[in-house]
Amino acid sequence: MPLSRQKSLRFTSVLFIILMFLGFAQWTKAQTLSVQSAIVKPGEPVTLPVVISHDILEVTGFQFDFSVSALGGAPDLLISDLTKGVAVTTSPVIDVEPPLPGQGPVRIGLPVEIPVSGTLIPGFGGPGTLVSLTLDIPATASSGQGYRLDLNNVVFAGPNFPFADLAIFGGTLTVGDETLFPDTLTTPPSFKVDEAQTLEITAT
């Protein structure tokens with residue numbers, strides 16, 4: 001087999017293993033809470049879902065803290081809005097403190113009301129979105145800068161909680177030329193690397 005062909009196959013195999021591992025890492029543990037990552041454009045808002053996995057069931061209440069940390073000298077962004085996600089079927093509203101808009105951190109939750117004796121508390125489950133957060137990216141943000149999104153102090157209420165293996169995944173916003181989400185990015189099936197060519201791949 002020609003040398004260039006061997007290098008192409010070997011590079012493709014290694015890249016596939018890396019991408020598979022990065023995708024698999026978030027699914028090796030059951031019961032997950034995560035916020036979506038994205039590439040974002042300066043001066044435009046981006047709306048990100050906070051989602052629960054299919055095996056988080058019978059939720060009667062929840063609470064978590066959401067915070068944003070600027071990276072690479074990025075200007076502070078604004079958390080401008082929050083909407084209830086489709087997974088939450090037991091209440092028309094979600095509490096957030098302090099009120100939006102603001103730079104955060106914010107505490108987001110669905111409080112549990114103590115029912116009359118003998119009354120069942122309605123619950124909901126995943127998979128689905130708990131809340132969606134809209135973040136306003138400053139027009140002065142520059143390509144290559146970014147933001148770290150963290151979920152902390154997570155509490156779920158319900159008959160199945162707490163669990164010991166809840167996996168919590170924060171997210172990252174990377175400033176670029178347009179707004180893109182992971183499910184809109186595609187990876188070519190193969191790469192060909194010539195003898196004198198250098199190809200840099202960044203998988204996130």
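**Close-up views of a predicted model**

**View 1. Q145 and the residues it touches.** Leaving aside residues up to four places away in sequence, Q145 touches L71, G72, G73, A74, P75, T140, L173, T174 and V175. Contact here means heavy atoms within 4.5 Å. Q145 sits in the loop between β8 (128-136) and β9 (146-157). Is Q145 buried or exposed? Q145 is buried, because its relative accessible area is 14% (buried means under 20%, exposed over 50%, partly exposed in between, with a 1.4 Å probe and protein chains only). A polar atom of the Q145 side chain lies 3.3 Å from the backbone oxygen of G72.

This is a predicted model: local features need pLDDT of at least 70, side-chain atom pairs count only at pLDDT 80 or more, and totals for chains, interfaces and linings use all residues. Residues are numbered from 1 along each chain as its sequence is written, and side-chain values use heavy atoms, without hydrogens and water.

**View 2. An open sheet of five strands.** The strand order is β5-β8-β3-β1-β10, with mixed pairing. Strands are DSSP runs (E, at least two residues), numbered from the N terminus. Two strands pair if DSSP finds at least two bridges between them. β5 (78-84) and β10 (167-169) are the edge strands, and each pairs on one side only.

**View 3. Strands β1 and β10.** β1 (residues 32-35) pairs with β10 in the parallel sense, over three bridges. L33 stands opposite I168 in β10.

**View 4. Confidence along the protein.** The average pLDDT (the predictor's confidence in each residue, from 0 to 100) is 81, and 73% of the residues score at least 70. Over residues 3-28 the pLDDT is below 50.

Definitions and conventions:
Helices (H or I, at least four residues) and strands (E, at least two) are DSSP runs, numbered from the N terminus. A polar contact is a pair of N or O atoms within 3.5 Å; within protein, one must be able to donate a hydrogen and the other to accept it, and residues adjacent in sequence count only if both atoms are side-chain atoms.
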